[in-house]
Amino acid sequence: SVIQVRIVRSKNGMLRSCEAEGHAGFAPKGLDIVCAAVSSILRTVLALLEKTPTVRLLVNTPEPGKLFFCVQDNDKADNALLIHCGDFLQQGLGLLQDEYPEHVSLKEKTE
């Protein structure tokens, strides 16, 4: 079992979208530290973007173990925030993938 995360960034590094699905399978539900870590990273970035009034998001969380969000529009003043959010996801999830490669898969695409 693995959590697959796909992030899309613009050529200048701004976060455009993030999709995560799956279950880590590291430990039983409710005790899975890998799942908790991935969830914490993803939810922190999503909450930060949702609290930024000039960032317009499309968010879809159809069921447990699935999360998708996409930046539909933003002010130029948000560019640095979106770059930092992309860096945060890449670093945090990348470290988890390095430590738990059987449980976390991170793919990054530039558009």
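Reader: How do the residues of the lining of the largest pocket divide into nonpolar, polar and charged?
Author: A pocket here is an open set of points on a 1 Å grid over the protein atoms alone, where a 1.4 Å probe fits and protein lies on both sides within 12 Å along at least five of seven lines; lining residues have an atom within 4 Å of a point. Ala, Val, Leu, Ile, Met, Phe, Trp, Tyr, Cys and Pro count as nonpolar, Asp, Glu, Lys and Arg as charged, and the others, Gly among them, as polar. The lining divides into twelve nonpolar, seven polar and six charged residues.

Reader: What kind of model is this?
Author: Residues are numbered from 1 along each chain as its sequence is written, and side-chain values use heavy atoms, with hydrogens and water left out. Local features need pLDDT of at least 70, side-chain atom pairs count only at pLDDT 80 or more, and totals for chains, interfaces and linings use all residues, since this is a predicted model.

Reader: What is the volume of the largest pocket, and which element gives the largest share of its lining?
Author: The volume, the space filled by probe spheres set on the grid points, is about 600 Å³. Of the 25 lining residues, His23, Cys35, Ser39, Pro64 and Gly65 are the closest to the centre. Two or more residues each come from β2 (15-22), α1 (33-50) and β4 (66-73), elements being DSSP runs numbered from the N terminus (helices H or I, at least four residues; strands E, at least two). The largest share, seven residues, comes from α1.

Reader: Which residue of β5 is the bridge partner of Ile3?
Author: Five of the seven residues of β1 (residues 3-9) are buried (under 20% relative accessible area; exposed is over 50%, partly exposed in between; 1.4 Å probe, protein chains only). Seven bridges join β1 to antiparallel β2 (strands pair at two or more DSSP bridges), where Ile3 stands opposite Gly22. Seven bridges also join β1 to β5 (residues 104-110), and these two run parallel. In β5, the partner of Ile3 is Val104.

Reader: Is Tyr100, in the one aromatic pair, buried or exposed?
Author: The structure holds one aromatic pair (ring centres within 6.5 Å; planes under 30 degrees apart are stacked, over 60 edge-to-face, the rest tilted). Phe26 and Tyr100 form it edge-to-face, 5.2 Å centre to centre with 75° between the planes, and they are 74 residues apart. Phe26 has 37% relative accessibility, so Phe26 counts as partly exposed. Tyr100, at a relative accessible area of 16%, is buried.

Key
Rings of Phe, Tyr and Trp (its six-membered ring) pair if their centres lie within 6.5 Å; planes under 30 degrees apart count as stacked, over 60 as edge-to-face and the rest as tilted.
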